[in-house]
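Try each task on your own, then follow the solution.

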Amino acid sequence: MASPRTVTVVALSVALGLFFVFMGTIKLTPRLSKDAYTEMKRAYKSYVRALPLLKKMGINSILLRKSIGALEVACGIVMTLVPGRPKDVANFFLLLLVLAVLFFHQLVGDPLKRYAHALVFGILLTCRLLIARKPEDRSSAKKPLPPPGQAGNAGNTEEQPSLYEKAPQGKMKLS
């Protein structure tokens with residue numbers, strides 16, 4: 001049976017992968033939602049206007065939107081279908097993209113409701129990456145404790161008093 005950690009990583013990988021495939025596709029084509037595609041075009045135009053450095057580098061809103069969309073689709077497919085280390089690499093690239101998108105939203109002064117989804121998915125990507133990269137805890141394999149008076153307590157034959165027995169006896173002073 002799979003460990004809860006494995007189930008969590010797989011569930012997050014599939015859910016996040018499908019989300020980013022969907023969002024990247026919306027950036028690339030109006031086939032899924034014409035309104036969302038139009039809104040993405042408008043948003044990326046405002047990002048390029050707010051950051052003149054992109055214009056100087058020769059990056060227009062179409063190139064920015066399509067490159068981010070293509071990267072989201074590619075990383076989403078890797079997160080959904082490819083096993084092993086490539087998922088972590090895709091997770092890292094998506095996390096960088098989410099940070100860039102959050103920067104763009106802040107740059108143009110968008111209200112929180114316009115980028116709340118990016119915050120949530122950034123947190124989910126971070127959690128997935130931390131859970132996936134955490135090393136397996138092999139020392140916590142359940143070992144039965146030896147009964148009192150045996151191997152683990154070789155020199156100590158008397159039983160340990162319980163916490164109740166150690167507690168001071170007497171009356172409690174109430175004032």
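Predicted model: local features only at pLDDT ≥ 70, side-chain atom pairs only at ≥ 80, totals over all residues.

Residues are numbered from 1 along each chain as its sequence is written, and side-chain values use heavy atoms, with hydrogens and water left out.

**Exercise 1. Find how many helices and strands the protein has, and what percentage of it is buried.**

Step 1. Helices (H or I, at least four residues) and strands (E, at least two) are DSSP runs, numbered from the N terminus. The protein has seven helices and zero strands, in the order α-α-α-α-α-α-α.

Step 2. Buried means under 20% relative accessible area, exposed over 50%, and partly exposed in between (1.4 Å probe, protein chains only). Of the 175 residues, 30% count as buried.

**Exercise 2. Describe the lining of the largest pocket.**

Step 1. On a 1 Å grid over the protein atoms alone, a pocket is an open set of points where a 1.4 Å probe fits, with protein on both sides within 12 Å along at least five of seven lines; lining residues have an atom within 4 Å of a point. Grid points are joined across faces, edges and corners, and a volume is the space filled by probe spheres set on the points.

Step 2. The largest pocket holds about 340 Å³ of space. Its lining has 19 residues, and the closest to the centre are Met-23, Met-40, His-105, Arg-114 and His-117.

Step 3. At least two lining residues each come from helix 1 (4-28), helix 2 (34-50), helix 5 (85-108) and helix 6 (112-133). Helix 2 gives the most, with six.

Step 4. Count Ala, Val, Leu, Ile, Met, Phe, Trp, Tyr, Cys and Pro as nonpolar, Asp, Glu, Lys and Arg as charged, and the others, Gly among them, as polar. The lining then splits into 13 nonpolar, two polar and four charged residues.

**Exercise 3. Is Ser-13 buried or exposed?**

Step 1. Ser-13 lies in helix 1, and its relative accessible area is 1%, so it is buried.

Step 2. Contact means heavy atoms within 4.5 Å. Not counting residues up to four places away in sequence, Ser-13 touches Met-79, Thr-80, Lys-87 and Arg-128.

Step 3. The side chain of Ser-13 also reaches the backbone oxygen of Val-9 at 2.7 Å.

**Exercise 4. Why does Asp-110 count as buried?**

Step 1. Asp-110 is in the loop between helix 5 and helix 6. Asp-110 counts as buried because its relative accessibility is 17%.

Step 2. Leaving aside neighbours within four places in sequence, Asp-110 is in contact with Tyr-47, His-105 and Tyr-115.

Step 3. A polar contact is a pair of N or O atoms within 3.5 Å; within protein, one must be able to donate a hydrogen and the other to accept it, and residues adjacent in sequence count only if both atoms are side-chain atoms. The side chains of Asp-110 and His-105 make one at 2.7 Å.
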